[in-house]
Amino acid sequence: MADASPVSPRYTAAKESMAVAHRTHRQFLAVTGKAPRDMLLGILTSGLPGLPQEEGGGLERGRVVYSAVLDPRGKIISDLRVFSDGSGGFVLDLPDVGLEGVIAHFRKFLPPRLAKVTNFSGNLGMLTIAGPAAVHVLATEVLAGYVSLESLELLNEGEELISAPSPVGSVRIVRNGDLNTEALDLLLATSSLERVRDIFLDAGAVALDSTALDVLRMEKGRPSFGVDMDESIIPVEAGIHRRAIDYGKGCYTGQEVIIRIRDRGHVNKRLCGLLLGDLPPPQRGEELFLSEKEKSVGWITSSCISPAFGQAIAFGYLRRPGTSGEPVRLGAVDGPMVAVRSLGDEGWECDGSTAAAGNTSSIA
């Protein structure tokens, strides 16, 4: 299948050389106090990371936990990542669209005498670096002498490295698993953020915009809160439950609904991937149909032209089970037919197996 449109230079840089993005939509909350761990365990869907461990040379290795905050009906208030602050408290990294709801939920369920929540976004920021050359620049120019290239290359999703204070301060380095390319997230003081970004730009990095980031995210098969999931969605419907929910932990808000779904094994809708061929990317909210039914069976949440797939792709919810591999029609009962694929933690799935985004022969 021929490419549907020219490939963005930003996308190409993120895949083949080096790109950097200032993630201005990320917000950070610090949770401290007498018992922040116990209090958060009663709210978050996951467990919590332990204290980082010394790696030598001032470098520490820690664990990063993907989680969610739910309301009593099991609906997502926001997804987020949880970091240890190294002293018994935690740092939460969440999208700006989820911030208001999470703070309101914490005010209701976190007793201030046991856990204090502080908006830390003015002090902490995030850069995402992508592409094979980015790791080398991080090790040899940004944090030379503080972190090795080998340690960065061995970093897995769910892990972080924390550098000792350097000329750009202490940097938390996190493997980004949401993009269809090699990528790292750098959490650092806002006072150093522009300086670090300029080092990458001076070394030849291209500034990565939100459009290219969304294409890379969709190629990886990862939904975004505020786009593909919102306060009306249960984690199982969005397919994030395997990453975000610890089914063995104690009680948390919304757990009863999640356990009931697990034991019943059924939800009314699921987020799926759609292969659109030569069709232009549809608008958010465009409806999906079956040929024999006049009533809509789902809707589009996001779409893009994918260079890796060589066609337009989309995410959308379908209100029926067993959709993978079965075509649906876009926009009307007699609209163009599009292929449906399941989305898993590791990407797009076909016939029960996971397919890499670039391997279109196995999924198209």
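Sheet, pocket and cavity in a predicted model

Biologist: In what order do the strands of the open sheet of 5 strands run?
Modeller: In this predicted model, the open sheet has 5 strands with antiparallel pairing. Its edge strands are S5 and S8 (116-119), each pairing on one side only. From one strand to the next the twist averages 30°. The order is S5-S6-S7-S2-S8.

Biologist: What angle does the direction of H3 make with that of S7?
Modeller: H3 spans 96-109 and S7 spans 90-95. The helix packs on the sheet, where it touches S2 (26-32), S5, S6, S7 and S8. Its direction and that of S7 make an angle of about 130°.

Biologist: Which element gives the largest share of the lining of the largest pocket?
Modeller: The largest pocket has a volume of about 1,100 Å³ and is lined by 50 residues. The largest share is 5 residues, and it comes from H7.

Biologist: How many charged residues does the lining of the largest pocket have?
Modeller: Nearest the pocket's centre lie Arg23, Arg26, Asn176, Asp178 and Arg217. Over the lining as a whole, 17 residues are nonpolar and 12 are polar. The number of charged residues is 21.

Biologist: Why is H7 described as largely enclosed by the rest of the structure?
Modeller: A residue is called buried when its relative accessible area is under 20%. In H7 the buried residues are Ala212, Leu213, Val215, Leu216, Arg217, Met218, Glu219 and Lys220. H7 is largely enclosed because its buried residues number 8 of the 11.

Biologist: How much space lies in the largest cavity?
Modeller: The structure holds 1 cavity of 30 Å³ or more. Gly221 is one of its lining residues, along with others including Arg222, Pro223, Ile240, Leu271 and Asp345. By class, the lining has 5 nonpolar, 3 polar and 3 charged residues. The space in the largest cavity is about 70 Å³.

Technical notes
Residues numbered from 1 in each chain as written. Predicted model: local features only at pLDDT ≥ 70, side-chain atom pairs only at ≥ 80, totals over all residues. Heavy atoms only, no water. 1 Å grid on protein atoms, 1.4 Å probe; cavity = no way out; pocket = protein on both sides within 12 Å on 5 of 7 lines; lining within 4 Å. Points joined across faces, edges and corners; volume = space filled by probe spheres on them. Helix = DSSP H or I, 4+ residues; strand = E, 2+ residues; numbered from the N terminus. Nonpolar A, V, L, I, M, F, W, Y, C, P; charged D, E, K, R; others polar. Buried < 20%, exposed > 50% of the residue type's maximum accessible area, 1.4 Å probe, protein only. Pairing = 2+ DSSP bridges. Axes fitted to C-alpha atoms, helices over the stretch in contact; angles between N-to-C directions. Contact = heavy atoms within 4.5 Å.
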